[in-house]
Structure formats: C-alpha cells, structure tokens
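Work through the exercises below with the sequence and the 3D structure at hand. Try each task before reading its solution.

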Amino acid sequence: MRADSLARALDERVGGAGFVKKAMRKVFPDHWTFLIGEIALYSFVIVLVTGVFLTLFFKPSMREVVYDGVYVPLRGVTMSQAYASTLEISFEVRGGLVMRQMHHWATLLFLASVVVHLLRHFFTGAFRRPRELNWLIGVALFALVMLNGLFGYSLPDDLLSGAGLRILHGVLISVPLVGTYLATFLFGGEFPGHDIVSRLYSLHVLLIPGLLLVLIPLHAVVITWRQTHTQFRARGLNDRVVRGAPFFPAFIAKTTAFFLWVVGVVALLATFFQINPVWLYGPYVSSAVSAGSQPDWYMGFLEGALRIMPPWEFTVLDHTVATNVLIPALGAPGLLFTAIALYPFAERWITGDRAVHHLLDRPRDVPARTALGVAGIVYYGVLWMAGGNDLIAVHFQISLYATTWIFRVAIVAGPVLGFVVTRRICLGMQARDRHVVEHGVETGVIVRDPGGGFGEIERPATEEETAVLVPPTAPAPSAPPPAGGVPPTVARRVRDGLQRSWHR
C-alpha cells in the first residue's frame with residue numbers, strides 16, 4: 001500500500017505513469033542482429049565504470065619523476081608522472097591491471113560493435129525515413145568514440161602512445177594558416193610540450209563522455225522508443241505491425257542476461273589476454289620510436305593513409321602546404337564520415353522514396369546500395385592493411401616500396417572491383433529468388449523420368465517463403481517527369497539513370 005501511494009504521489013507531481021505503462025508493453029522484434037546495438041551499449045557501461053575506477057589513481061601530469069615502484073626493470077628511470085601512475089595502477093593497485101585491461105578491451109569491443117551496428121543499419125536500409133536523425137547521431141557517436149579512444153590511448157605517455165602523439169602534432173601543424181597555433185594550444189608549446197596529457201585527460205573524461213552520455217540515450221532510448229521498431233519481412237508483417245516480445249518481462253530478462261554475458265566476456269579477455277603492456281615500451285622519449293609501432297585497430301586506416309600518400313607539397317605565399325599529411329589525415333576520414341552521414345539523403349534523392357519504412361531490406365534487394373557499402377568496406381580495409389605495410393614487408397619478405405605501391409593501386413581499384421562483383425552477386429541472388437518463387441523449392445529428391453533422364457522434384461514455395469523472397473515494389477519517383485518539350489537538366493538525367501539501375 002505504501003509503495004502504491006508513493007507511486008501515485010510521484011505520478012501526480014511529475015507524471016510519467018502513462019509513459020511507463022506504454023513502455024512496458026513496447027514490442028521488440030526477435031532477431032540476432034538487434035543484439036549488436038546492445039553490445040555497444042553495454043560495452044559503453046563497462047568503459048564508464050572501469051574509467052571511473054582508473055581516474056581515482058591516474059595522475060594526468062607530465063611533471064618528471066624518478067620511478068621507485070615495484071617494477072624493477074624501470075626503477076630509477078626518469079619518466080612523467082602520468083606514466084609512473086599507470087605503472088602503479090598496473091602493479092600496485094589491487095585489481096588495477098584487470099581494470100586497465102577491461103577498460104581497453106571494452107573500448108575495442110565498443111568500437112567494433114558500433115561499426116557492425118552501423119553496417120547492419122546501412123545494408124538493411126534502416127536509416128530511411130523516419131530515422132535519418134538517428135542515423136546522423138550514430139555517425140557522430142562513431143566519430144566521438146574513435147576520437148576519445150585515441151585520447152585515452154595516449155594518456156599513459158609511454159613510447160608507443162607518444163609515437164601517436166607525434167603523428168597528431170604533425171597533422172595539426174600541417175593545417176594551413178592556423179596549424180601552428182592549434183599545435184601550440186593543445187601541446188602547450190613545442191612538441192612534446194608540458195600540457196598535452198592534462199588537456200587530453202580533460203577531453204577524455206569530461207567533454208567527450210558528457211557528449212556521449214547525452215547522445216547515446218537519445219540514440220538508443222528516446223528516439224527509438226518513440227518510433228516503431230524495424231523488422232525483417234515476413235508473412236503478415238507490414239509497416240504498422242510489429243511481431244516480437246514485450247519489453248517487460250520478456251525483453252528485459254533477456255537483455256539483462258545479455259549484459260551479464262558481455263561483462264563476462266570482457267572480464268575473461270582482460271584476465272587471460274594481455275593488451276597494451278606499457279611497461280614493456282618504456283616512457284616516452286621524443287628522440288626514440290619503437291620498431292613496428294601499430295595503433296589500435298580503429299586508427300589503422302589513418303595510419304595507412306599516411307603511409308601510402310605520395311610526398312606532395314607546394315608553397316603558397318611563402319607557406320608550405322604539406323598535402324602528404326593534410327590529405328590522408330583529414331581528407332581520408334573526412335571523405336569517409338561525410339559519405340556515411342549524407343548517404344540517406346543521397347539515396348532519397350536518387351530513388352525519390354519519401355515513404356515511411358519500418359520493414360528492412362535484405363542486402364540483395366538493393367544491389368547498388370549493397371555494392372556501395374562493400375566498396376566503402378574495401379576502401380577502409382585497404383587503408384587499414386596499409387597501416388601495417390612494414391610488417392607485411394618483413395613477414396612476406398618483399399620490398400617495403402612494393403607494398404606501398406600495391407596499396408596505392410588497391411585503394412583505387414579495390415573499391416571499384418568490390419562494387420562490380422557485389423552488384424553482380426546481388427543480381428544473381430535476385431534471379432535465384434525469382435526462380436524459386438516461379439518454379440518451386442528444391443527438395444533434394446531425384447527421380448527418373450520415362451525417357452531415362454533424371455530430374456529433381458520441386459515443391460511450390462509456401463506463403464511464408466514467398467513473403468521473404470519477393471521484395472516490395474520499388475517506389476515510384478516523387479517528382480513528375482518534365483513537361484513536354486522541356487529538356488531535362490543534367491542533374492535530372494543523372495538521377496533518372498541512377499534510379500533505373502538502383503534495384504537491378
């Protein structure tokens with residue numbers, strides 16, 4: 001009775017009973033791909049919890065100290081206080097090493113699940129109306145998490161992360177006109193400066209997490225809760241019907257168990273698989289670079305872009321513009337993120353489709369979109385592999401210059417080849433689906449006809465199978481054709497050509 005009275009009192013003052021009642025009945029579709037976003041959410045929770053623990057012991061200062069801790073090989077070595085406190089967390093704080101490794105593994109898992117979640121939305125068309133805003137928020141989250149991962153990776157001030165900061169400094173000073181000011185502001189003077197760690201620390205634990213704490217609930221809860229959930233085509237489903245389990249008690253029980261699984265996997269990784277052993281690298285010294293330095297996987301494509309870019313420079317009004325740094329460091333990620341962010345609006349312009357969509361496409365249903373997605377993956381993958389061209393040259397015993405030229409050719413030819421091959425595969429799968437619907441499903445039963453030949457018995461496709469195999473009719477263009485006698489504009493001719501080939 002007291003609990004009921006308290007609930008009524010709260011509802012009278014702040015409201016929300018109606019929303020909670022409706023939310024408890026919200027239906028969530030059952031499909032394994034929907035769990036990818038939950039992995040990202042739960043990884044973020046682990047990152048937050050372990051990050052709070054680490055902030056209690058980490059000292060974000062570049063003031064030099066002489067190490068006198070328990071790690072004997074570095075005892076008596078001059079290092080920054082940031083690096084010394086990282087060693088203290090790893091060797092002297094109870095549970096510190098496990099927390100450090102959980103934080104790092106959870107960050108890698110967070111970024112990986114964000115990428116896969118983004119690809120799932122792209123290939124299934126989940127970004128279409130009314131989810132364009134949520135798509136843009138997701139792209140912003142991807143960029144922020146990647147940037148925050150770079151900042152956090154640089155905080156220990158070890159030799160490996162220092163090499164990354166040296167690259168960051170080079171990128172900043174390559175920006176025309178304002179580059180030197182940006183580098184001086186961030187680093188607090190000439191490289192390596194005295195303030196970079198403390199400033200990255202503020203960005204890593206305050207500014208960017210604050211933005212994430214606003215955007216993630218908006219992306220995963222507020223907007224998603226207001227909209228109908230997407231689902232794959234099936235018999236009896238349409239844009240107004242959702243089939244699945246209610247939020248309470250079914251979904252909340254499953255998602256709680258899944259959260260515990262994610263925590264368990266991250267804890268096992270942190271316990272049995274070492275990551276970022278900074279004590280082996282030593283403190284950062286600006287005159288040294290560790291051999292075979294490699295960044296975390298999510299920054300590998302930037303490393304690769306820097307490695308394969310030709311050494312092009314030019315001078316304008318006594319200012320040298322280093323395009324060999326500026327283009328790969330800012331152009332490559334700028335092209336990637338801009339294309340991802342604007343794609344929903346580009347597809348809407350091409351297809352003229354402004355309808356509301358809650359049913360998802362299979363990738364084969366829209367060959368052009370799927371082929372563009374694979375081309376983007378190849379573009380990213382080539383740059384990512386190029387980030388390890390030195391290791392590839394060593395292990396395969398080929399020239400470093402040869403690997404560089406191979407990747408220079410592949411970054412142009414690879415996406416084109418990926419587009420062509422993927423589109424042909426999708427068209428072939430579409431033809432196969434049409435054959436199944438028209439002629440039936442193979443049963444595996446072989447019979448001999450009176451003439452002596454052999455053939456397979458096929459059964460008619462069921463209504464459930466047909467509903468999955470037959471894609472919806474492509475929407476008609478929203479804009480009317482030009483009036484008689486008026487020639488279409490160049491943009492209209494381009495759009496019409498793309499529209500005709502979009503679904504075939």
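The exercises concern a predicted model, and each is followed by a worked solution.

**Exercise 1.** Find out whether the span of H7 agrees with its 15 residues at 1.5 Å a residue.

*Solution.* Step one: the expected span is 1.5 Å times one less than the number of residues. For the 15 residues of H7 this should give 21 Å. Step two: the end C-alpha atoms of H7 are 21 Å apart, so the span agrees.

**Exercise 2.** Which residue caps the N-terminal end of H7, and which residues in H7 are buried?

*Solution.* The cap is aspartate 158, with a side-chain oxygen 3.1 Å from the backbone nitrogen of leucine 160. The buried residues of H7 include Leu159, Leu160, Leu165, Leu168 and Leu172.

**Exercise 3.** Locate valine 178 and decide whether valine 178 is buried, partly exposed or exposed.

*Solution.* Step one: valine 178 sits in the loop between helix H7 (159-173) and helix H8 (179-187). Step two: buried means under 20% relative accessible area and exposed means over 50%. The relative accessibility of valine 178 is 41%, so valine 178 counts as partly exposed. Step three: together with Leu177, Tyr181 and Leu182, Val178 makes a nonpolar surface patch of about 440 Å².

Note on methods
Residues numbered from 1 in each chain as written. Predicted model: local features only at pLDDT ≥ 70, side-chain atom pairs only at ≥ 80, totals over all residues. Heavy atoms only, no water. Patch = residues over 30% accessible without salt bridge, like charges linked within 9 Å, V, L, I, M, F, W, Y side chains within 5 Å. Areas by Shrake-Rupley, 256 points an atom, 1.4 Å probe, with all protein chains shown as cover. Salt bridge = Lys/Arg side-chain N within 4 Å of Asp/Glu carboxyl O. Helix = DSSP H or I, 4+ residues; strand = E, 2+ residues; numbered from the N terminus. Buried < 20%, exposed > 50% of the residue type's maximum accessible area, 1.4 Å probe, protein only. Polar contact = N/O pair within 3.5 Å; in protein donor to acceptor, adjacent residues only side chain to side chain.
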